[in-house]
Amino acid sequence: MPAYLTDEILTVAQIDDVTEYVLSLSGKAEDMAKVARGKPHFAEHCAACHKPDGSGNPELGAPPLNNNLWLYGGERAVIKQMISRPRKGVMPAWGPLLQPVTIKKLAIYIHSLGGGQ
């Protein structure tokens, strides 16, 4: 995911609007004017990976945004931070540290936390 603020793709005000739009996808928006302004920016910059309805695309590493399952937290400040300067979502390699059976057990457990998604 691009760093929309650092890379100067969006302004601070536009990121605020997109943040509010993302919150609207899970029913948490408070400012409908920001939602309306953020929707076209989301459509232009985010929908290709996260889909227009925010349902995400796991094949691209784009998580759903329209539910209450958040990788780093669904609070306004966290969403704004992820749009501005994302963490890149890279998982470290655990193969050298864990036995294959432990990795499989962890994968099953983590899958169960995501509602089977």
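Helix 4 supplies 4 residues to the lining of the largest pocket, the largest share of that lining. The structure is a predicted model. The largest pocket has a volume of about 1500 Å³, and the structure holds 0 disulfides.

**The largest pocket**

- A total of 42 residues line the largest pocket.
- Gly-61, Ala-62, Pro-63, Pro-64 and Leu-71 are the lining residues that lie nearest the centre of the pocket.
- By type, the lining of the largest pocket consists of 28 nonpolar, 12 polar and 2 charged residues.
- At least two lining residues come from each of helix 1 (12–25), helix 2 (32–45), helix 3 (47–50), helix 4 (76–84) and helix 5 (100–113).

**Helix 4**

- Helix 4 spans residues 76–84, and its buried residues are Ile-79, Met-82, Ile-83 and Ser-84.
- The buried residues of helix 4 pack against helix 1.
- Helix 1, which covers residues 12–25, also contributes at least two residues to the lining of the largest pocket.

**Asp-17**

- Asp-17 is found in helix 1.
- The relative accessible area of Asp-17 is 7%, so this residue counts as buried.
- Leaving aside residues up to four places away in sequence, Asp-17 touches Lys-34, Arg-37 and Gly-38.

**Gly-114**

- Gly-114 lies in the segment after helix 5.
- With a relative accessible area of 19%, Gly-114 is buried, because the cut-off for buried is under 20%.
- Gly-114 and Leu-69 are 45 residues apart along the chain, and their C-alpha atoms are separated by 7.0 Å.

**Cysteines**

- The closest cysteine sulfur to that of Cys-46 is in Cys-49, at 8.7 Å, which is too far for a bond.
- Seen from Cys-49, the closest cysteine sulfur is that of Cys-46, again at 8.7 Å.
- A disulfide needs the two sulfur atoms within 2.5 Å, so the 8.7 Å between Cys-46 and Cys-49 is too far for a bond.
- Cys-46 is buried, at 11% relative accessibility.
- Cys-49 has a relative accessible area of 36% and is therefore partly exposed.

Conventions: Residues numbered from 1 in each chain as written. Predicted model: local features only at pLDDT ≥ 70, side-chain atom pairs only at ≥ 80, totals over all residues. Heavy atoms only, no water. 1 Å grid on protein atoms, 1.4 Å probe; cavity = no way out; pocket = protein on both sides within 12 Å on 5 of 7 lines; lining within 4 Å. Points joined across faces, edges and corners; volume = space filled by probe spheres on them. Nonpolar A, V, L, I, M, F, W, Y, C, P; charged D, E, K, R; others polar. Buried < 20%, exposed > 50% of the residue type's maximum accessible area, 1.4 Å probe, protein only. Contact = heavy atoms within 4.5 Å.
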